[in-house]
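Open the model in your viewer and keep the selection panel at hand. Each stop below says what to select and what to look for there.

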Amino acid sequence: MVTRINPSILAADFANFERELGRIRSADLVHVDIMDNHFVLNLTFGLAMVQRLQQVSPIPLDIHLMIDDPDRWAPDYAEAGAYSVTFHAEAAADAVALARRLRSIGARAGLALKPDTAVEPYLELLPEFDQILVMTVEPGFGGQSFMATTMPKLRALRSAVAQSGLDVWLQVDGGITEKTIEIAAEAGADTFVAGSSVFGAADPAAQIALLRASAARHRHGHE
Ligand code: DX5
Ligand code: ZN
């Protein structure tokens, strides 16, 4: 099974995105956190920014929408060419219809769950999604501490994915370091978002390699 490392540009130098993207070209995808100051109490980038990143990024875009009314806005990000568009289960009016729309445009469809959101109601929807994002911090800010209390959700998802035979990626986001990545990998994650640990490192490429190796070592049993 592939291990994916997706650095979050929330922790990058906002004055130099093109240069920052060049520092993470050994990563799998670049994670872009869209916040609207309503679904979460923070405001970041919007569609125009993503359209421009799409033009200059050496690696595909992994969009994480922390916004109200994703039913209205998410398709625009797929139309912009994003490889993957993930919206929150707590915010979507019709998650299945939205996922189908994203796929029909050509993007991978992702469903995100906040730390307190139960996974059980969504297990039967796995065929509708390409990725499930288990938030390992409360969404809204980078630099928070990893919540190991979310790992049972990952285990439930990993076993449901294995039973289904589907290739649904299981992503974790928040507080991922070379230590906490071991816990998430062991619990069944295969796709790891890391903001401060990658962009806060003196050598982001070396940190990406370290995270990748750390995760791979702890994914035994999930191969
Ligand atoms: C938090 C964002 C994360 C954030 C992760 O709401 O969704 O993607 O950038 O940052 P770190 O890795 O610093 O916790
Ligand atoms: Zn994110």
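**Stop 1: the zinc ion**

Select the zinc ion (ligand 2) in this predicted model. What arrangement do the donor atoms around the zinc ion make? Six donor atoms surround the ion and subtend angles of 71 to 172°, so the arrangement is octahedral. For comparison, ideal angles for six octahedral donors are 90 or 180 degrees.

The protein donors are His31 through NE2, Asp33 through OD, His64 through ND1 and Asp173 through OD. They lie 2.1 to 2.3 Å from the ion. Along the sequence, these donor residues follow the spacing H-x1-D-x30-H-x108-D.

His64 sits in strand S3 (residues 61-66), and Asp173 sits in strand S7 (residues 169-173).

Are His64 and Asp173 buried or exposed? His64 has 1% relative accessibility and counts as buried. Asp173 has 8% and counts as buried too. The cut-off for buried is under 20% relative accessible area.

**Stop 2: ligand 1**

Select ligand 1 and show the residues around it. There are 20 of them, and Gly140, Asp173, Gly175, Gly195 and Ser196 come nearest.

Next, display the distances from its oxygen atoms. Where does Asp173 come in? An N or O atom in the Asp173 side chain is 2.6 Å from an oxygen atom of ligand 1. Asp173 is also one of the zinc donors.

His31, another zinc donor, has a side-chain N or O atom 3.3 Å from an oxygen atom of ligand 1.

**Stop 3: the nonpolar core**

Select Ile9 and Phe192. Within the largest nonpolar core, of 63 residues, these two have the most contacts.

Centre on Phe192 and show what it touches. Leaving aside neighbours within four places in sequence, its contacts include Thr3, Arg4, Ile5 and Asn6. Val172, Ile176, Ile181, Ala184, Ala185 and Ala215 are also in contact with Phe192. Another core, of five residues, lies apart from the largest one; Met35, Phe39, Val40 and Ala91 are among its members.

**Stop 4: helix H7**

Select residues 180-187, which form helix H7. How many residues of H7 are buried? Six of its eight residues are buried, leaving the helix mostly covered. Colour these: Thr180, Ile181, Glu182, Ala184, Ala185 and Ala187.

Pick Thr180 in helix H7. With a relative accessible area of 15%, Thr180 is buried. Its side chain reaches the backbone nitrogen of Thr177 at 2.8 Å. Leaving aside neighbours within four places in sequence, Thr180 is in contact with Phe146 and Gly175.

Then step just past the end of H7. There Gly188 takes a positive phi of about 120°.

**Stop 5: Thr150, Met151 and helix H6**

Select Thr150. This residue is in the loop between strand S6 (131-135) and helix H6 (151-164). Thr150 is buried, at 1% relative accessibility. A polar atom of its side chain lies 2.8 Å from the backbone oxygen of Met147. Beyond neighbours within four places in sequence, Thr150 is in contact with Pro115, Val134, Met135 and Thr136.

Move on to Met151, in helix H6. Met151 is buried, with a relative accessible area of 4%. Which residues does Met151 touch? Not counting residues up to four places away in sequence, they are Thr136, Phe146, Ile183, Ala184 and Ala187.

Draw a distance from Met151 to Ala184, C-alpha to C-alpha. It reads 6.9 Å, for residues 33 apart along the chain. Ala184 is one of the buried residues of H7.

**Stop 6: Met49**

Finish at Met49, in helix H2 (residues 47-56). Met49 counts as partly exposed, at 24% relative accessibility. Met49 and Val32 are 17 residues apart in sequence, and their C-alpha atoms are 9.9 Å apart in space.

Note on methods: Residues numbered from 1 in each chain as written. Chains lettered and ligands numbered in written order. Predicted model: local features only at pLDDT ≥ 70, side-chain atom pairs only at ≥ 80, totals over all residues. Heavy atoms only, no water. Core = buried A, V, L, I, M, F, W, Y, C linked by side-chain atoms within 4.5 Å. Buried < 20%, exposed > 50% of the residue type's maximum accessible area, 1.4 Å probe, protein only. Contact = heavy atoms within 4.5 Å. Donors = N, O, S within 2.8 Å, 3.2 Å for Na, K, Ca; no water. Tetrahedral: all angles 85-135°; square planar, octahedral: opposite > 155°, others 65-115°. Helix = DSSP H or I, 4+ residues; strand = E, 2+ residues; numbered from the N terminus. Polar contact = N/O pair within 3.5 Å; in protein donor to acceptor, adjacent residues only side chain to side chain. Near = heavy atom within 4 Å.
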